[in-house]
Amino acid sequence: MGIVRKQSIASSIYIYLGFAVGAFNVLYLFPTYLTPQEFGLTRVLIDVSILLAMFCTLGSCPAVLKFYPFYKSYLPDNKNDLPSITLTATIVGCIIFIFGAVYFKDFVLRKFGEKSPLFNDYYFLLYPLTISYAFWYLFEASSWSIKKTVLPNFLKEVGFRIITTILVVLYIIKLISFEQFAILFSLMYIVPVTILLYSLIKEKYLTITFSISSVTKRLWKQMALFSFFVFSGQALNVIARTSDTIILASQSKNGLADAAVFTVVTYLVTLMDVPMRGMTGIASSVIAYAWKDKDIAKIKEMYQKTALNLIIVGMGIFGVLTLNMYNLTQHFGTAYSTLPSLLLILGIAKLIDLATGMNAQILLSSKYWKIDFITSMIFVILSVPLNVFLIKRYGLIGSAYANLIAVFIYNVTRLIVIWKLFKLQPYNNKNLFAIIIAVVCFFMVYFIPSLNNIYADAILKTIIFMPLYIFLILKLKVSEDFNQLLISFIEKIKFRLR
């Protein structure tokens, strides 16, 4: 876990820094200076472009993560044709997207026209957003494959958000109009993508060769089949995870305004997801090498330690959010009156997702990778119809319940499959111990009388809950990694003081 802990900690620091910038954007700048429809437009554009960009890669990203260890082991760098193959596939995918977006334009505009007419006015922005994000997907996966996860995480979590902040500020001080803001917003991925491209060239990963290597000749059928199924599974997963805001924009009563409210709650819940995002890149590479070496013990260690660490951090953040959910409602106003219910439901769904650890990475890197496609299909079959039905019937709350139901079935299915196939499961008594500690700390703070000032009350509850929770986790030695992290942190402070 050394390299995983080191890079995931560094990545998590950058991710939380990015969340601080993002919180300023999503929780203050956007709601204050943009109308709900304009705010909702930015979210829907991002979600639609993320979905379309996944299709543009044509399965390149999972192929890089799965097969790069073989190319690295059996070929010199200048003969490695995997970068050329995946880059070509992504370029072809982007060309297909352009023709498809033009062909289906009228159909899409009809679907959004009634509830979200502003989306129709800025439909053209999907082109630069989608194409630039497609190349981001590819270069990010390439960086993960060579165990360089810190820079892409910094660019993705901090870089994108700082650019967004700058654009909003330019709009606020009237240097640009909203139309100019929207256009620049659609181009914001170009700078981070260029930086990551330069990094890959510098690391001598992105070598262009026009000859077919012996590894490709031997593995191309496996690669094509793997890419098709995993790409399809990941695309289905993205459909399920982005469908809520897209369906809200096209089907809910308030259209883009409802999408804006859902975005705020989703952003708060996503704070719990930071450790997962910090670990995924380096863990994917380590697990891929472990499968190659048939090191089941390493995979088991990764599975159990990541699940434990994710639930520890997730429970801590969820505790802070739930203790302050009514303060948050008063801060945002009556337009966000559904925030406590949404936060509770989506928070539980996120805890379920975190508690299952690296199940996706274990399946994807194994010989049973087709199961990822099957389970992702189940997720979409559940999620999309549930969202449509429950949003029409219950509005915003319906989308939260749809998410909870789909996430629960999806993750439990993967847990059962991994146990049946590999006799691996991510839990021991420490997982339950961490949950009990979080619940006890929550109720100890919950019954403290509230202060009249919502901001002072939020600060008080947070500074009581988090130190108490962290102290008990460390004192009772729930997680070896957390204890080592604390020791390392203290040693660094002592060194700097000296």
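User: Before we count anything, what qualifies as a helix or a strand here?

Analyst: Helices are DSSP runs of H or I with at least four residues, and strands are runs of E with at least two, numbered from the N terminus. The model is a predicted one.

User: How many helices and strands does the chain have, then?

Analyst: The chain contains 22 helices and zero strands.

User: What share of the residues is buried?

Analyst: Of the 498 residues in the chain, 56% count as buried. The accessible surface amounts to about 22500 Å², and carbon and sulfur atoms account for 69% of that area.

User: And the contacts: what fraction joins residues at least 24 apart?

Analyst: Taking contacts between residues at least 6 apart in sequence, 85% join residues at least 24 apart.

User: Let us turn to α14. What span does it cover?

Analyst: Helix α14 covers residues 296–323, 28 residues in total. From first C-alpha to last, α14 reaches 40 Å, close to the 40 Å expected at 1.5 Å a residue.

User: Is α14 enclosed or open, and why?

Analyst: Helix α14 is largely enclosed by the rest of the structure, because 23 of its 28 residues are buried.

User: Now Val380. Where is it found?

Analyst: Val380 lies in helix α18.

User: How far apart are Val380 and Val238?

Analyst: In sequence, Val380 and Val238 are 142 residues apart; in space, their C-alpha atoms are 8.9 Å apart.

User: Last one, Thr165. Which helix is it in, and is it buried or exposed?

Analyst: Thr165 is part of helix α8, residues 150–172. With a relative accessible area of 14%, Thr165 is buried.

User: Which residues is Thr165 in contact with, beyond its sequence neighbours?

Analyst: Setting aside neighbours within four places in sequence, Thr165 is in contact with Val21, Phe24, Asn25 and Leu29.

Key:
Residues are numbered from 1 along each chain as its sequence is written. This is a predicted model: local features need pLDDT of at least 70, side-chain atom pairs count only at pLDDT 80 or more; totals for chains, interfaces and linings use all residues. Side-chain values use heavy atoms; hydrogens and water are left out. Buried means under 20% relative accessible area, exposed over 50%, partly exposed in between (1.4 Å probe, protein chains only). Contact means heavy atoms within 4.5 Å. Accessible areas come from the Shrake-Rupley method with a 1.4 Å probe; for residues, only the protein chains shown count as cover. The expected span of a helix is 1.5 Å times one less than its number of residues.
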